[in-house]
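Keep the structure open while you read.

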Amino acid sequence: MGVQEKIATQIGSDAVVLYMKGQPQAAREGIKVFSSWPTIPQLYIQGEFIGGNGIVRELYEQGELQKLLQSAKAG
């Protein structure tokens, strides 16, 4: 199984997935290709790409991140 398939499997099978520094180099580069997003961290909730650091921080400050995480927990 290639890196892209592993990423798709992880994102599809776990409610919350965070790719961040500290991942093996292949995963760090692979997630950038997978999402067409040039930076990490990258947050996925229920298979949906939420965003990187700035977007996640903004969602947190608005109280929206907590709602997304609660819906993932309930689902």
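## Ile11, a buried spot in helix H1

Let's start with Ile11, which counts as buried at 6% relative accessibility (buried means under 20% relative accessible area, exposed over 50%, and partly exposed in between, with a 1.4 Å probe and protein chains only). Ile11 sits in helix H1, residues 3-13. Helices here are DSSP runs of H or I with at least four residues, strands are runs of E with at least two, and both are numbered from the N terminus.

What does Ile11 touch, once neighbours within four places in sequence are left aside? The contacts are Val17, Tyr19, Ile31, Phe34, Tyr44 and Gly47, where contact means heavy atoms within 4.5 Å. Take Ile31 from that set: it is 20 residues away from Ile11 along the chain, and the two C-alpha atoms are 11 Å apart.

## What kind of model this is

A word on the ground rules: this is a predicted model, so local features need pLDDT of at least 70 and side-chain atom pairs count only at pLDDT 80 or more, while totals for chains, interfaces and linings use all residues. Residues are numbered from 1 along each chain as its sequence is written, and side-chain values use heavy atoms, with hydrogens and water left out.

## Tyr19 on strand S1

Tyr19 belongs to strand S1, residues 16-19, and is buried too, with a relative accessibility of 3%. Its side chain makes a polar contact of 2.3 Å with the side chain of Gln10. For a polar contact, take a pair of N or O atoms within 3.5 Å; within protein, one must be able to donate a hydrogen and the other to accept it, and residues adjacent in sequence count only if both atoms are side-chain atoms.

Skipping residues up to four places away in sequence, Tyr19 touches Ile7, Gln10, Ile11, Ile31, Ile40, Pro41, Gln42 and Tyr44. Another pair to look at is Tyr19 and Gly51: they are 32 residues apart along the chain, with 11 Å between their C-alpha atoms.

Is Gln42 buried or exposed? Gln42 is buried, at 0% relative accessibility, and it is found in strand S2, residues 42-45. The side chain of Gln42 reaches the backbone oxygen of Thr39 at 3.0 Å. Beyond four places in sequence, the residues that Gln42 touches include Val17, Leu18, Tyr19, Ile31, Trp37, Phe49 and Gly51.

Ser35 is a partner of Gln42 as well: their side chains make a polar contact at 3.0 Å. Ser35 lies in helix H2, residues 25-35, and is buried with a relative accessible area of 17%. A polar atom of the Ser35 side chain also lies 3.1 Å from the backbone nitrogen of Trp37. With residues up to four places away set aside, Ser35 touches Gln42 and Tyr44.

The loop between H2 and S2 is worth a look. Ser36 lies in this loop and has a positive phi, near 60 degrees, despite being a residue other than glycine. Ser36 counts as exposed, at 64% relative accessibility. Pro41 is in the loop between H2 and S2 as well, and a cis peptide bond joins Ile40 to Pro41, with omega about 15 degrees.

Then there's Gln46, in the loop between S2 and strand S3 (48-51). Gln46 is not a glycine either, yet its phi is positive at about 50 degrees. At 45% relative accessibility, Gln46 counts as partly exposed.

## The chain as a whole

Zooming out, the chain has 4 helices and 3 strands, in the order α-β-α-β-β-α-α from the N terminus on. The radius of gyration is 12 Å, close to the 11 Å that the globule rule gives for 75 residues, so the chain is as compact as a globular protein of that length. That radius is taken over C-alpha atoms, and the globule rule is 2.2 Å times the number of residues to the power 0.38. The C-alpha trace spans about 35 × 25 × 20 Å along its principal axes.

Of the 75 residues, 27% count as buried. Among contacts in the chain with a separation of 6 or more, 34% come from residues 24 or more positions apart.
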